[in-house]
Amino acid sequence: MSLDGIVTRAIVNELNSTILGGRVDKIYQHEKDEILINIYNKGKNRKLLISASSNNPRIHLTNYIKSNPSSPPMFCMLLRKHLSGGIILNIEQFYMDRIIFIDISSIDELGNATEKRLIVEIMGKYSNIILIDKNTFKIIDSIKRVTPDMSRVRQVLPGIEYNHPHQNNKINPLELNEEQFLHLIDQENGKKQIYKFFYSNYIGLGPLVSKEICFQANIDIDRPIASLIAKEKEEIFFIFMKIVNSIREENYKPILIKNDFGGNYKAFYTLDIQQFGHDKIYLDSISKVLDDYYIKNDTLDRVYQKGQSLRKSVQIKLERSLNKLAKQKQELLDSQNREKYKIYADLISANLYRIDKGLEKVELENFYSEYMDKIIVPLNKKYSPAENAQRYYKRYSKLKNANLLLLKQIPETQEEIEYLENVLNSIEHCTEVIELEEIKEELIKEGYLKSKGKKKQKKQTASKPHHYISSDGFHIFIGKNNKQNDFLTLKTARKEDLWFHVQKMPGSHVIIRSENQIVPEKTLEEAALLAAYYSKGKNSTNVPVDYTEKKDVKKPKNAKTGMVIYENFNTIFVTPDKNKINKIKKIEN
């Protein structure tokens, strides 16, 4: 990961210049593995975000605001008890590792001054936030408790002494010297790739900076160590020492590395990285870099994780509905052959005197046929001829009633399938956790999910639709879920605005604000592209997109959320293209 010991050192350096000596004001816990501490220092309020997320652990100052849970978790209450009103005395890094100590002095319940240490361990899935007593090193509690069942090597539980994670005999790169470096590289496994040598032997180095050393030394990262000649080893050491000197002198240049497509980032670092070319953004603060990087990447990760169970639940219901539809269609076909059972019954009834009990079939003249053709009528030998006739009459009657019922049920099942596919499409395009919550509420309202008790929840701000501005300056809005689709089409859009939707497949409602003007062809095409992109046809070609004035869009009585009908429409065929989408100006909420 990009957040290695070097980035951690830059974070500590920045925190020492901004919050050291500050007062802990408020503490919140927005996620099960993330806390936010408000700190007042030098006339400014700052927010320190600490996350022990398995995928995106980190610590940095943030400007983003998250909604607070209705009731604080236990760990949050414990931190408030021990740290609220406390003064930050010390912030330091443990060697060059991704471990930070924050020492805080506060007053306990008896009025005595106590010193606590908040330890932030950034170690992937083993990341943790631990509160200990500074004097005894006893653990008070942690955001993730580690029991003997989870780890026999190192437990993290209240009451036991805190032990630092093992360093695996790695060397602090700040103590780098040429003799030691050359000895290490000569002793290393010759088959190992060169870049892996650095983070295998030195504390705080990650794959990114290890590859950068090779890149600047003009050495292929995949070459085995044994292939290096003496001159190449010297060049690698020279570059490594240059980077180490930048760290010693705190010559940091925080950067974001842009992704080839989309608005997110593929990496970040605290030193200038050359291996990605010129797709870089320089910022004056490592916290700003981390804030921008993780607000996109971490949010999308959490949306994906939280959307998994919802996606699975909807997928199961969709599969059941598809199976139900297949069964109903088969039953409809069967019911359409019902007339033969009435004929069987009539023929048996007319020939009772000619049929003996115990027969498995009988040949009779069909008086419904013009030429009185003979047909074979199957019989159940357990029943009398009269009973066989009654059974055929009942079967005919049952199929006749089933036919009428199925003609009503099949459109209902098809509508249900269309609705569930729309929900899946909405989940696929969610960018915020609140959007998933809205979908969950909608599914509870529609009866697809059960509500977990009658617990009164804190009212959240409604999510907002995507907002684009076309090349001609027209505002385009796109619903992210069925709730937004309904609100956008039925409440927000004016009757003269243009409404877009992909033809006969799940997708978002798209609105062009016409402002009583004639909408140019270019804007129509861009809106159609967006409608196709935010639909099930995202990866298809020549996707048909219908558009009409909003006044021609109606919601049928008792229709599910997001379901509408429309008329008087035109159709545009477009092929969704990420490059074209990125060229349309997007307004961030």
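## Residue classes and the model

In this report, Ala, Val, Leu, Ile, Met, Phe, Trp, Tyr, Cys and Pro count as nonpolar, Asp, Glu, Lys and Arg count as charged, and the others, Gly among them, count as polar. The structure described here is a predicted model.

## The second largest cavity

How do the residues of its lining divide by class? The lining of the second largest cavity has 5 nonpolar, 4 polar and 3 charged residues.

One part of this lining consists of Ile 355, Asp 356, Lys 357, Gly 358 and Leu 359.

## The largest cavity

When the whole structure is searched, 2 cavities of 30 Å³ or more are found. The largest cavity contains about 120 Å³ of space. It is lined by 14 residues, and Leu 49, Arg 58, Tyr 64, Lys 66 and Ile 295 are the closest to its centre. Strand S2 (34-41), strand S4 (58-62) and helix H7 (286-335) are the elements that each give two or more residues to this lining.

Which element supplies the largest share of the lining of the largest cavity? That share, 5 residues, comes from H7. In terms of class, the lining of the largest cavity contains 5 nonpolar, 4 polar and 5 charged residues.

## The second largest pocket

Open spaces are also present in the model. The second largest pocket has a volume of about 850 Å³. Its lining is made up of 32 residues, and those nearest the centre of the pocket are Arg 98, Ile 122, Met 123, Tyr 126 and Pro 165. By class, the lining of the second largest pocket contains 14 nonpolar, 9 polar and 9 charged residues.

The largest nonpolar core has 78 residues, and the members that touch the most others are Leu 48, Ile 59, Phe 181 and Phe 198. Helix H6 (residues 230-248) makes the greatest contribution to this core, with 8 residues. A second, separate core has 26 residues, among them Phe 474, Phe 500, Ile 512 and Val 545.

Phe 198 shows how such a residue is surrounded. Apart from its neighbours within four places in sequence, Phe 198 contacts Phe 181, Leu 205, Ser 210, Ile 213, Cys 214, Ile 236 and Phe 240.

Ser 210 belongs to helix H5 (residues 207-216). Is Ser 210 buried or exposed? Ser 210 counts as buried because its relative accessible area is 0%. Its side chain comes to 2.8 Å from the backbone oxygen of Gly 206. When neighbours within four places in sequence are left aside, Ser 210 is in contact with Tyr 195, Phe 198, Tyr 199 and Leu 205.

His 60 lies in strand S4. With a relative accessible area of 1%, His 60 is buried. The side chains of His 60 and Arg 58 are joined by a polar contact of 3.3 Å. Not counting residues up to four places away in sequence, His 60 also touches Lys 47, Leu 48, Leu 49, Ser 287, Leu 290, Asp 291 and Tyr 294. Leu 184, in helix H3 (residues 178-187), has a relative accessibility of 17% and therefore counts as buried, the limit being under 20%. Beyond four places in sequence, Leu 184 touches Ile 171, Phe 197, Asn 201 and Tyr 202.

## Helix H11

Helix H11 spans residues 482-492, and its buried residues are Asn 482, Gln 484, Asn 485, Asp 486, Leu 488 and Thr 489. The elements that cover these buried residues include helix H9 (385-428), helix H10 (433-445) and strand S16 (475-478), together with strands S17 (498-502), S18 (510-512) and S20 (553-554). At the start of H11, a side-chain oxygen of Asn 481 comes within 3.2 Å of the backbone nitrogen of Lys 483.

## Two loop residues with positive phi

Glu 515 is not a glycine, yet its phi is positive, at about 50°. Glu 515 sits in the loop between S18 and helix H12 (521-533). Because its relative accessible area is 40%, Glu 515 is partly exposed.

Asn 558, also a residue other than glycine, has a positive phi near 65°. Its place is in the loop between S20 and strand S21 (565-566). Asn 558 has a relative accessible area of 72% and is therefore exposed.

Technical notes: Residues are numbered from 1 along each chain as its sequence is written. This is a predicted model: local features need pLDDT of at least 70, side-chain atom pairs count only at pLDDT 80 or more; totals for chains, interfaces and linings use all residues. Side-chain values use heavy atoms; hydrogens and water are left out. Buried means under 20% relative accessible area, exposed over 50%, partly exposed in between (1.4 Å probe, protein chains only). Helices (H or I, at least four residues) and strands (E, at least two) are DSSP runs, numbered from the N terminus. Contact means heavy atoms within 4.5 Å. A polar contact is a pair of N or O atoms within 3.5 Å; within protein, one must be able to donate a hydrogen and the other to accept it, and residues adjacent in sequence count only if both atoms are side-chain atoms. On a 1 Å grid over the protein atoms alone, a cavity is a set of points where a 1.4 Å probe fits but cannot get out, and a pocket is an open set with protein on both sides within 12 Å along at least five of seven lines; lining residues have an atom within 4 Å of a point. Grid points are joined across faces, edges and corners, and a volume is the space filled by probe spheres set on the points. A nonpolar core is a set of buried Ala, Val, Leu, Ile, Met, Phe, Trp, Tyr and Cys residues joined through side-chain atoms within 4.5 Å.
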